[in-house]
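Please look at the model first.

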Amino acid sequence: MNEHKPDELRDHVYDGIEEYDNKLPNWWLFILYGSIVFAVGYWLVFHTFSIVDLPSARYDKEMVKASEEQLARMSKQGLTDESLALMAAIPAQVEEGRQLYATYCVVCHADRGQGLVGPNLTDGFWIHGGRPLDIHRVVTDGVLSKGMAAWGRQLGPTRVQKVVAYVLTLKGTEVPGKAPEGVPEAAAAPPTAAPATAGATGNG
Ligand code: HEC
């Protein structure tokens, strides 16, 4: 019944320990080679050819999708600080805003928002308030007497929102450039200012 060859002993002895010369069991080898094949396949699918997203990328996509859905719901209720801030968290929107900024705003606010003719947008100081709606209002209506155009007319509401979303991503990056102008954000514009009528901050 037992067709096993008698176990062969290998001829070395270490500290009195001897070793059989047995074959590794097939199930064990199957797992070993199986894992190697799986690892190669996994590497090709996930890393080399990126056929399937890694879990982290899938998570990011889901978050962006959720933000977009939330933004769609929120935009029905009009523009708010929150909806603009949410927009600034959606890469596609910010990217469009970045392109608009590069086209229309760099000349005066410089490539990283550090300011040139226009004020530094990366420091914590704002002439017209640093809340999303404040920024949106300045960009839409401009400060004509100071050379800042009313971009609302030129770009239209959608593109203004995108460029504002991009400006929000520059906020707080503290790029050395034009000296601070205005007041620190916390002290600026009263928190309850209504979007259209807020004129509380001194104009220049
Ligand atoms: C021709 C130059 C010029 C261009 C182009 C320009 N700006 Fe300005 N911007 C200014 C100046 C000057 C001010 C300061 C206004 C003031 O002193 O009240 C300003 C102010 C601002 C402010 C308010 C800053 C604060 O401290 O409150 C924001 C935000 C802003 N610009 C965004 C933009 C965006 C976005 C664009 C592109 C769509 C743009 N600007 C294009 C000149 C410009």
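Helices α5 (106-109), α6 (132-141) and α7 (151-170) each give at least two residues to the shell around the ligand; helices are DSSP runs of H or I with at least four residues, numbered from the N terminus. This is a predicted model, with pLDDT of at least 70 needed for local features and 80 or more for side-chain atom pairs, while totals for chains, interfaces and linings use all residues. Residues are numbered from 1 along each chain, and side-chain values use heavy atoms, without hydrogens or water.

His109 belongs to helix α5 and Met148 to the loop between α6 and α7, so the two tie together parts 39 residues apart in sequence. Ideal octahedral angles are 90 or 180 degrees.

Next, polar contacts, that is, N or O pairs within 3.5 Å. A polar side-chain atom of His128 is 2.6 Å from a ligand oxygen, and a polar backbone atom of Ile127 is 2.8 Å from a ligand oxygen.

Methods. A polar contact is a pair of N or O atoms within 3.5 Å; within protein, one must be able to donate a hydrogen and the other to accept it, and residues adjacent in sequence count only if both atoms are side-chain atoms.
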